[in-house]
Every structure is written in C-alpha cells, then in structure tokens.
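Biologist: I'd like to go through this one label by label, with the rule behind each word. Shall we start with burial?

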Amino acid sequence: NTGNITNSLSITHNDISLGQGAISQTLFAIRTGSANYVAGSISITNNTIHDCTFDAGASGQFYGIYQEFDCASSNIDDNIITDNALNTGAANSYLIYDNGVTPTMSVSGNQLTNNSISAALAGNINGYYYVNISATGNITVADNVIDNLSVPSGSTGYVVGIRVSNSTSQTKTISGNSISN
C-alpha cells in the first residue's frame with residue numbers, strides 16, 4: 001500500500017512464501033508506504049513469511065516486512081520470518097525494515113529464525129533494522145527471538161540482529177530479546 005491514508009492499516013494473519021528468479025529486482029513479502037507518505041496507525045501482526053528463495057545468480061534485495069509510512073503509531077509484532085534461503089549477492093537483505101517517522105513504535109514478539117544468504121558474495125542479512133536520524137518519540141524492541149541468521153563462511157558479508165536509530169531525540173527500550181546463532 002502506498003499513498004497517503006488517514007485511517008489505520010492492519011496486515012494480519014497472512015502466510016507468505018515467494019520465489020524469485022536470477023534477476024536484480026527487489027523482493028518484498030509485505031510492504032507498506034513509501035517515502036514521505038503518511039498514515040494513521042499501522043499494525044503488521046501475526047504474519048508468517050517462510051521459504052522465500054532466489055534462483056542462483058540473483059542480485060535483488062529481500063525485505064520480509066518493509067514499513068515506510070510516517071504514522072501516528074506502528075506495531076510490528078508477533079510475526080514469524082523463518083526458513084528463507086536467499087541465494088542473492090545483494091548488498092543487504094532485511095527481515096524487518098522500518099524507515100517511517102513514527103512517534104510510538106513497537107517491534108515485539110517476532111521470531112526471526114533460520115534465515116540465510118547462500119550466495120558466496122558479500123551479501124548481508126539484517127534481523128530488525130531501523131535507522132532514521134529524525135526519529136522522535138518512543139520505540140520498544142522487546143521479546144524478539146533472532147536465531148540462526150547466516151552468511152557463507154569466507155564471504156565478506158555480515159549479520160546484524162537488531163539495529164535501532166541513532167537519533168538522540170528518540171527514547172529507546174530494547175529488552176528481553178534473544179539473539180543467538
């Protein structure tokens with residue numbers, strides 16, 4: 001969904017599994033908004049994104065959940081993103097990516113497990129990623145399970161469990177998360 005909306009948007013209880021060929025296009029399982037578009041409140045909850053793949057030779061990015069609306073509040077809670085074998089040489093792939101300017105944010109109870117970049121290049125995989133230098137308000141990142149994210153040994157790629165805004169105008173509560181390999 002892109003464009004301004006004044007009401008709430010809820011994306012819930014979906015089961016998503018996608019495949020993409022050996023091309024350079026980006027693959028989105030769930031995407032809301034676009035840069036500088038506004039919305040009321042956003043709720044992305046109880047979705048399962050699993051077994052997404054790229055064919056060998058692909059170079060597109062992967063986004064499990066991509067939220068970009070500037071909105072009053074957002075909840076990205078209780079989603080499962082699992083068993084995605086991403087055979088792509090893209091610079092970055094993201095399981096949950098949030099780029100909106102939102103004063104009240106929750107990213108809680110998500111399970112990001114058994115996701116990998118399998119191409120031998122320098123692709124990176126990010127669990128939860130939110131970097132917005134103009135962020136204000138409060139963000140809570142709590143009780144998420146991030147386990148077994150991987151890139152090939154010998155590659156120059158990296159894995160990030162949680163990365164949250166470097167804005168000094170935002171109060172951050174990051175607690176109770178389990179990050180392991």
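Biologist: Why is tyrosine 94 called buried?

Modeller: Tyrosine 94 has a relative accessible area of 7%, and buried means under 20%, exposed over 50% and partly exposed in between (1.4 Å probe, protein chains only). The 7% lies under the cut-off, so tyrosine 94 is buried. Before we go on, please keep in mind that this is a predicted model, where local features need pLDDT of at least 70 and side-chain atom pairs count only at pLDDT 80 or more, while totals for chains, interfaces and linings use all residues. Residues are numbered from 1 along each chain as its sequence is written, and side-chain values use heavy atoms, with hydrogens and water left out.

Biologist: What kind of pair do tyrosine 94 and tyrosine 97 form?

Modeller: Their ring centres are 4.7 Å apart and their planes stand at 65 degrees, so this pair is edge-to-face. Tyrosine 97 has 13% relative accessibility and therefore counts as buried. One aromatic cluster takes in Phe28, Tyr63, Tyr66, Tyr94, Tyr97 and Tyr129.

Biologist: How do you know that arginine 31 sits over the ring of phenylalanine 28?

Modeller: The rule asks for NZ of Lys or CZ of Arg within 6 Å of the ring centre and within 35 degrees of the ring normal. The charged end of arginine 31 is 4.9 Å from the centre of the phenylalanine 28 ring. Arginine 31 also lies over the face of tyrosine 66, at 4.8 Å from the ring centre.

Biologist: Why do arginine 31 and glutamate 68 count as a salt bridge?

Modeller: A salt bridge needs a side-chain nitrogen of Lys or Arg within 4 Å of a carboxyl oxygen of Asp or Glu. The closest N and O atoms of arginine 31 and glutamate 68 are 3.2 Å apart, so the pair qualifies. Arginine 31 belongs to strand β4 (residues 27–32), and glutamate 68 to the loop between β8 (62–67) and β9 (70–77), 37 residues apart. Arginine 31 is partly exposed at 31%, but glutamate 68 is buried at 7%. By this rule the count is one salt bridge.

Biologist: What makes β12 and β15 paired strands?

Modeller: Two strands pair if DSSP finds at least two bridges between them. Strand β12 (residues 92–98) and strand β15 (residues 124–129) have five, in the parallel sense, so they pass the rule. Serine 93 faces isoleucine 125 in β15. Both strands belong to an open sheet of five with parallel pairing, in the order β4-β8-β12-β15-β18.

Biologist: Why are β4 and β18 said to stand at the edges?

Modeller: Each has a single partner strand, so one side of β4 and one side of β18 (159–163) have no neighbour in the sheet. The twist averages 10 degrees from one strand to the next.

Biologist: How many disulfides are there, and how do you know?

Modeller: A disulfide is a pair of cysteine sulfur atoms within 2.5 Å, and by this rule the count is zero. Cysteine 52 is buried at 0%, and cysteine 71 is buried at 5%.

Biologist: What is noted about the phi of histidine 13?

Modeller: Histidine 13 has a positive phi of about 55 degrees, although it is not a glycine. Histidine 13 lies in the loop between β1 (9–12) and β2 (15–16). At 62% its relative accessible area is over 50%, so histidine 13 is exposed.

Notes
Helices (H or I, at least four residues) and strands (E, at least two) are DSSP runs, numbered from the N terminus. Rings of Phe, Tyr and Trp (its six-membered ring) pair if their centres lie within 6.5 Å; planes under 30 degrees apart count as stacked, over 60 as edge-to-face and the rest as tilted. Axes are lines fitted to C-alpha atoms, for helices over the stretch in contact, and angles run from 0 to 180 degrees between N-to-C directions.
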